[in-house]
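Q: I have a protein model open and want to learn how to read it. Can we go through it feature by feature?

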Amino acid sequence: MTGTAERMPTLYVSHGAPPLADDPLWTAQLAAWSDELPRPKAILMISAHWEDAPLAIGATTPVPLIYDFYGFPEHYYRVTYPAPGAPELAERVAKLLRTAGTPTQQVPDRGMDHGAYVPLKEMYPDADVPVLQISLPTLDPRRLMEVGRRLAPLRDEGVLIVGSGFFTHNLRAMSMDGRVHSAMAEFDAWGSETLAAHDIDGLLDFERKAPSGRLAHPRSDHFAPLFVTLGAGIDELETQRSVIEGFWLGMAKRSVQIG
């Protein structure tokens with residue numbers, strides 16, 4: 001892969017669930033965001049919904065999506081997203097991580113899960129940008145920061161690195177009437193302030209330092225992709241900004257751009 005004149009930013013996207021497609025505000029926000037970005041040569045997705053170690057590299061040719069959710073109306077299972085594969089990007093990812101002593105594995109039949117295709121369908125609806133998904137090899141924030149650092153050179157090659165999670169994720173706090181649990185609001189406010197202060201140590205220790213940290217994230221899988229994003233943008237933290245804010249079904253949909 002050859003370099004480009006414009007360095008790509010790196011993103012953390014709160015991805016929602018399949019019904020995100022029915023929310024006119026959030027879909028418009030995602031579409032407007034992508035319109036403001038340089039056009040990527042390829043997209044590297046790291047989703048909360050794929051944990052596998054050693055780090056797994058998914059399909060490099062189009063394969064069926066993974067509908068990793070249950071009990072939804074039938075039309076959500078008919079959604080497609082036939083983005084081109086990214087075999088060259090897969091080779092670069094393996095090389096960058098291998099050089100750093102990080103083992104990888106190939107999972108050529110693993111399609112995109114909803115953490116990848118749900119936001120991409122709103123941001124790049126034509127599905128004309130090659131996409132590669134890789135797994136979270138761990139939930140350890142420090143190790144994920146290092147993965148992001150190792151992948152950062154891809155940004156100079158036209159690759160948009162996207163960590164896809166949810167800024168708060170406690171399904172017991174979901175609300176259909178617009179109410180927001182105090183724990184979700186407290187964590188979101190803390191996260192916004194901590195990001196703005198570039199307090200990486202605070203973020204790394206969020207379970208202990210954040211108000212309601214364990215309530216906002218009973219399991220850290222949906223916050224974990226943020227650390228890949230932070231690692232990939234560690235030398236540009238002063239550019240960090242929240243592009244999308246607010247709540248959806250009681251969960252914080254804060255989404256962040258660096259660069």
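Q: What should I know before I start?

A: This is a predicted model, in which local features need pLDDT of at least 70, side-chain atom pairs count only at pLDDT 80 or more, and totals for chains, interfaces and linings use all residues. Residues are numbered from 1 along each chain as its sequence is written, and side-chain values use heavy atoms, with hydrogens and water left out.

Q: Which way do the side chains of β1 point?

A: In a regular strand the side chains alternate between the two faces of the sheet. Here Thr10, Tyr12 and Ser14 point one way from β1. Leu11 and Val13 point the other way. All of them are buried.

Q: Which strands are joined to β1 by bridges?

A: Two strands pair if DSSP finds at least two bridges between them. β1 has 5 bridges to strand β6 (residues 159-165), and the two run parallel. β1 also has 3 bridges to strand β10 (residues 255-258), and here the run is antiparallel. Look at Leu11: its bridge partner in β6 is Val162, and in β10 it is Gln257.

Q: In which sense do β2 and β5 pair?

A: β2 and β5 pair in the parallel sense, over 5 bridges. Met45 stands opposite Gln133 in β5. As for burial, 6 of the 6 residues of β5 are buried, so β5 is largely enclosed by the rest of the structure.

Q: How many residues of helix α3 are buried?

A: The count is 9 of the 10, so α3 is largely enclosed by the rest of the structure. Among the buried residues are His114, Tyr117, Leu120 and Met123. What covers the buried residues of α3 includes β1, α1 (24-36), β2, β5 and β6. Contact, here and below, means heavy atoms within 4.5 Å.

Q: How do I describe two helices that pack, and at what angle do α4 and α9 cross?

A: Two packed helices are described by the angle between their axes and the distance between the axes. Axes are lines fitted to C-alpha atoms, for helices over the stretch in contact, and angles run from 0 to 180 degrees between N-to-C directions. The axes of α4 (residues 141-151) and α9 (residues 225-232) come within 6 Å and cross at roughly 45°. α4 and α9 are therefore oblique to each other. The cut-offs: under 35 degrees is roughly parallel, over 145 roughly antiparallel, 65 to 115 roughly perpendicular, and the rest oblique.

Q: Which residues make the contact?

A: From α4 come Pro141, Leu144, Met145, Gly148 and Arg149. From α9 come Phe227, Val228, Leu230, Gly231 and Ala232. These residues divide into 7 nonpolar, 2 polar and 1 charged. Ala, Val, Leu, Ile, Met, Phe, Trp, Tyr, Cys and Pro count as nonpolar, Asp, Glu, Lys and Arg as charged, and the others, Gly among them, as polar.

Q: What is Phe72 in contact with, leaving aside its neighbours within four places in sequence?

A: Phe72 is in contact with Pro18, Pro19 and Tyr77, once those neighbours are left aside. Phe72 and Pro18 are 54 residues apart in sequence and 8.5 Å apart in space, C-alpha to C-alpha. Phe72 is partly exposed, with a relative accessible area of 27%.

How values were computed:
Helix = DSSP H or I, 4+ residues; strand = E, 2+ residues; numbered from the N terminus. Buried < 20%, exposed > 50% of the residue type's maximum accessible area, 1.4 Å probe, protein only.
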